Amino acid sequence: MSSGILSSLKQIERHAVRAVLIDDSGSILLLSTRDASNPDFIDSWELPGGGIHEGEPHAEAITRELFEETGLKINPQSVREPQWIRDVHYSYRGERRLQHEAISVVALSVCKPDIDYSDREPFELEDHLEYHWWSVEELTSSTATFYPRNLARHIESLLRGEHIQDPIEHWD
């Protein structure tokens, strides 16, 4: 997007959650994402998640977002405390966003469950193209673009329960 168009976009600040959803075989779910309204948007593989409703506890926000995006019903008690607190600045669907994200690991007791798209928002149906269960080795050796960008670099630390600190990430 040209700098003139970027400067004219409405800017919002929001809080969001993301989940490192790992199944019992050690595979991690990522969604292939684009912004159908913006041809300059970089397609990427992202962690499922989204905005937090006002007053919504972290674990409930993750379980709600996972259900909306994947159809999977997750017990809020399986959501670990956030290990990666980060800020990201990006443009999406005509908005410039400063997003404060809390990322947690969520372990499943099943292997690569199928994903159900029936509760997705209309824009998610346009923008989430597919899903894939990635092995840690596949993720760390891939040249794909990930959201967060440093996901491949940090995935093993997250799975060991370590806390991650990164500077603000820019997607402009």
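**Aromatic cluster, strand pairing and local backbone features**

Trp134 is buried, and so is Phe146, where buried means under 20% relative accessible area, exposed over 50% and partly exposed in between, with a 1.4 Å probe and protein chains only. This is a predicted model, in which local features need pLDDT of at least 70 and side-chain atom pairs count only at pLDDT 80 or more, while totals for chains, interfaces and linings use all residues. Residues are numbered from 1 along each chain as its sequence is written, and side-chain values use heavy atoms, with hydrogens and water left out.

On to the rings. A search of the whole structure turns up 2 aromatic pairs; rings of Phe, Tyr and Trp (its six-membered ring) pair if their centres lie within 6.5 Å, and planes under 30 degrees apart count as stacked, over 60 as edge-to-face and the rest as tilted. Trp45 and Trp134 make an edge-to-face pair, at 5.3 Å centre to centre and with 75° between the planes. Trp45 sits in strand E3 (residues 44-46) and Trp134 in strand E7 (residues 128-134), so this pair ties together parts that are 89 residues apart in sequence. Helices (H or I, at least four residues) and strands (E, at least two) are DSSP runs, numbered from the N terminus. Trp45 counts as buried at 16% relative accessibility, and Trp134 is buried too, with a relative accessible area of 5%. Trp134 and Phe146 have ring centres 5.3 Å apart and planes at 75°, so they are also edge-to-face. With Trp134 in E7 and Phe146 in strand E8 (residues 146-147), that pair ties together parts 12 residues apart in sequence. Put together, Trp45, Trp134 and Phe146 form one aromatic cluster.

Arg86 lies over the face of Tyr147, at 5.2 Å from the ring centre, and over the face of Trp84, at 5.7 Å from the ring centre. For a charge to sit over a ring, NZ of Lys or CZ of Arg has to be within 6 Å of the ring centre and within 35 degrees of the ring normal. Tyr147 is also joined to Pro148 by a cis peptide bond, with omega about 0°. Pro148 itself is placed in the loop between E8 and H5. In helix H5 (residues 151-159), the buried residues are Leu151, Ala152, His154, Ile155, Ser157 and Leu158. After H5 comes Gly161, with a positive phi near 90°.

As for the strands, E1 (residues 10-22) runs parallel to E6 (residues 95-107), and 13 bridges join them; two strands pair if DSSP finds at least two bridges between them. Gln11 has Arg96 in E6 as its bridge partner. E1 also pairs with strand E4 (residues 49-51), this time in the antiparallel sense over 3 bridges, and Val17 stands opposite Gly50 in E4.

Glu56 is found in the loop between E4 and helix H2 (58-70) and is buried, with a relative accessible area of 17%. A polar atom of the Glu56 side chain lies 2.9 Å from the backbone nitrogen of His53. Leaving aside residues up to four places away in sequence, Glu56 touches Gly51, Ala61 and Arg64, contact meaning heavy atoms within 4.5 Å. Lys112, in the loop between E6 and helix H3 (122-127), has a positive phi of about 40° although it is not a glycine. At 41% relative accessibility, Lys112 counts as partly exposed.

Key:
Polar contact = N/O pair within 3.5 Å; in protein donor to acceptor, adjacent residues only side chain to side chain.
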